[in-house]
Amino acid sequence: MTQLCTGNGPLQQWDAQLIGDFNNWNGSGHRMTKDNYGVWSIRISHVNGKPAIPHNSKVKFRFHRGDGLWVDRVPAWIRYATFDASKFGAPYDGVHWDPPSGERYVFKHPRPRKPDAPRIYEAHVGMSGEKPEVSTYREFADNVLPRIKANNYNTVQLMAIMEHSYYASFGYHVTNFFAVSSRSGTPEDLKYLVDKAHSLGLRVLMDVVHSHASSNKTDGLNGYDVGQNTQESYFHTGERGYHKLWDSRLFNYANWEVLRFLLSNLRYWMDEFMFDGFRFDGVTSMLYNHHGINMSFAGSYKEYFGLDTDVDAVVYLMLANHLMHKLLPEATVVAEDVSGMPVLCRSVDEGGVGFDYRLAMAIPDRWIDYLKNKDDLEWSMSGIAHTLTNRRYTEKCIAYAESHDQSIVGDKTMAFLLMDKEMYTGMSDLQPASPTIDRGIALQKMIHFITMALGGDGYLNFMGN
C-alpha cells in the first residue's frame with residue numbers, strides 16, 4: 001500500500017486530489033479524504049504486486065480553493081523535491097521516494113559515543129567543494145570529512161539539509177521539511193555521508209529550522225492555509241503569522257497537528273538518517289512574541305517570564321527535547337538563543353526546556369566590536385574574560401569566535417577584518433609576511449585559543465573561516 005499525507009487541507013472534504021506521473025496528472029480517480037484533525041490522505045493499493053506510484057516519479061496535491069480555483073501544491077510530508085534546472089524559476093515538484101530494497105542505503109557503522117566536550121565543525125555541503133559549483137553529499141563525505149577528522153574535530157554540524165527553493169537563504173527558508181536538499185544529491189547520498197562520518201568517529205548534527213517557514217506558496221507549506229480557520233493552519237493568522245524581518249511564516253505551536261508535524265520531523269531525521277542531534281535555529285524568535293526584534297536583553301527575569309513569552313513555543317521545545325532524549329539518550333541538542341533564557345539548558349524533568357547546550361552568541365559579537373571599533377591597545381582583557389565566562393550557572397555553552405552569521409551574512413570573516421586585501425599581496429611563501437599579516441595571524445590564533453579555553457563547554461568553528 002502507498003500512503004501519502006498532505007498535511008492540513010481546506011474546509012470541504014471532497015475537493016482534494018492526488019496527481020502525478022502515475023495517473024497522467026488527472027486526479028479524478030484519486031480523491032483524498034480529510035480526518036477530524038484536518039489532515040488529507042489517501043491509500044492506494046498496489047497494482048500487480050507493485051507500488052501504484054513508481055519510485056522517483058513526480059506527485060503533487062491538487063485542491064479546490066474557496067474562490068473556485070484549483071491549485072497544485074507539493075505534499076507537506078514529501079521526502080524528496082526537485083525542479084527543472086534548465087528552466088528559469090521552475091517550480092518544485094514533489095517526488096515519491098521509495099527505492100526498492102536493493103537501492104536503499106544500509107547503515108554499516110554505529111553512532112559514536114557522545115563526547116564530553118563537542119568540537120564542532122559547522123559546514124555547508126553545497127559550498128564545500130573547490131569547483132565553482134554546488135558540491136554533493138558524496139563529495140563532502142569522501143573529500144571533506146577526512147580533513148575534518150584530521151583536524152581533531154569530533155562533531156560535524158550540517159547547514160541547509162532541509163529542502164529550500166531559495167539557495168541564497170543558506171537553508172533557513174525551508175519549503176519541504178521532510179525532504180533532503182536535492183541540489184546535493186538524494187536521500188541515499190545523505191545517508192552515505194552520515195555513515196561515513198560515523199565510520200570516522202564523527203557525530204553529525206543537523207541545523208534544524210522549526211522557528212519559521214518559507215513564505216513560498218507554490219512549493220512550501222504556506223500554500224496550505226488558503227480558506228482555513230486557525231485550527232486547520234500550520235501558521236498563526238494575521239500579523240502574528242508573519243516574521244517582519246525574515247519575510248517568513250510563523251508556526252502555530254498550539255495546533256495539535258503542527259506539534260505532530262514538527263515532532264515527527266525530528267524523529268524522521270534521527271531514525272531515517274541516523275543524525276546524532278540538532279542545532280535549533282532561531283530559538284529566540286520562538287521563545288518570545290516579540291521574536292527578539294529590537295530587544296536588548298540585560299538579564300532581568302522580567303525579560304523572560306511574562307506576557308511576552310510564547311508559552312506554546314516553549315512547550316513545543318520541551319516536548320521536542322523530551323522526545324529526542326527518550327529516543328536517543330546520547331543526543332546532542334543545541335539552541336541558538338541570544339536572550340539568555342534561564343533553564344533553557346536544564347532537563348525537562350527539572351522544569352527546564354531541555355537543551356544540552358546553547359550557543360554563546362555574545363562572544364563573536366564582542367570580537368567583531370573589538371576588531372571593527374577598537375585599536376589593539378584599547379582591548380580590555382577583563383572585558384574579554386567577562387564576556388567569555390558570562391554564562392548561566394550549570395547551563396552549558398558552545399563557544400565560538402565566528403560562525404556563518406559573521407562569515408556569509410553581509411559581513412567579513414575574522415581573517416578579512418584583520419588582514420583584508422593584504423592577504424592577496426602580503427601573504428606569500430616567496431617573501432616574508434608583511435606586518436599586517438604577522439599581526440593578523442597572531443591575533444587570529446590568540447582569539448580562537450582564548451575562546452576555546454574560556455568560552456564554554458564545547459567549541460564551534462565554521463567552514464568559511
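Predicted model: local features only at pLDDT ≥ 70, side-chain atom pairs only at ≥ 80, totals over all residues.

Analyst: Happy to! Let's start with a pair of helices: H7 passes H11 in a right-handed crossing. Residues are numbered from 1 along each chain as its sequence is written, and side-chain values use heavy atoms, leaving out hydrogens and water.

User: Why are H7 and H11 called oblique to each other?

Analyst: Helix H7 covers residues 381–389, and its axis packs against that of H11 at about 50°, 9 Å apart. Angles under 35 degrees count as roughly parallel, over 145 as roughly antiparallel, 65 to 115 as roughly perpendicular and the rest as oblique. The angle falls in the remaining range, so H7 and H11 are oblique. Met381, Ile384, Leu388 and Thr389 of H7 touch Ile450, Thr451 and Leu454 of H11, where contact means heavy atoms within 4.5 Å.

User: What makes H6 and H11 roughly antiparallel?

Analyst: Helix H6 (residues 362–373) and helix H11 (residues 435–454) have axes 12 Å apart, at an angle of about 155°. That angle lies over the 145 cut-off, and H6 and H11 are therefore roughly antiparallel. Their crossing is right-handed too. On the H6 side, Ile363, Trp367 and Leu371 meet Ile447, Ile450 and Thr451 of H11. By class, this contact has five nonpolar, one polar and no charged residues. Ala, Val, Leu, Ile, Met, Phe, Trp, Tyr, Cys and Pro count as nonpolar, Asp, Glu, Lys and Arg as charged, and the others, Gly among them, as polar.

User: How do you know whether H3 and H5 are roughly parallel or roughly antiparallel?

Analyst: The axes of helix H3 (residues 256–273) and helix H5 (residues 311–327) cross at roughly 30° and come within 10 Å. That angle is under 35 degrees, so H3 and H5 are roughly parallel. The contact involves Leu259, Leu262, Leu263, Leu266, Arg267 and Met270 of H3, and Tyr316, Leu319, Ala320, Leu323, Met324 and Leu327 of H5. These divide into 11 nonpolar, no polar and one charged.

User: What makes a space a cavity, and how many cavities of 30 Å³ or more are there?

Analyst: On a 1 Å grid over the protein atoms alone, a cavity is a set of points where a 1.4 Å probe fits but cannot get out, whereas a pocket is an open set with protein on both sides within 12 Å along at least five of seven lines. By this rule there are three cavities of 30 Å³ or more. About 60 Å³ is the volume of the largest cavity. Lining residues have an atom within 4 Å of a point; here they include His124, Tyr137 and Arg183. By class, that lining has six nonpolar, five polar and one charged residues.

User: And which residues are closest to the centre of the largest pocket?

Analyst: The largest pocket holds about 820 Å³ of space. Of its 29 lining residues, Trp246, Asp281, Glu336, Met361 and Asp405 are the closest to its centre. Helix H4 (283–287), H6 and helix H8 (404–407) each give two or more residues to the lining, with the largest share, three residues, from H8. The lining divides into 13 nonpolar, 12 polar and four charged residues.

Definitions and conventions
Axes fitted to C-alpha atoms, helices over the stretch in contact; angles between N-to-C directions. Helix = DSSP H or I, 4+ residues; strand = E, 2+ residues; numbered from the N terminus. Left-handed = near helix turned anticlockwise from the far one by under 90°. Points joined across faces, edges and corners; volume = space filled by probe spheres on them.
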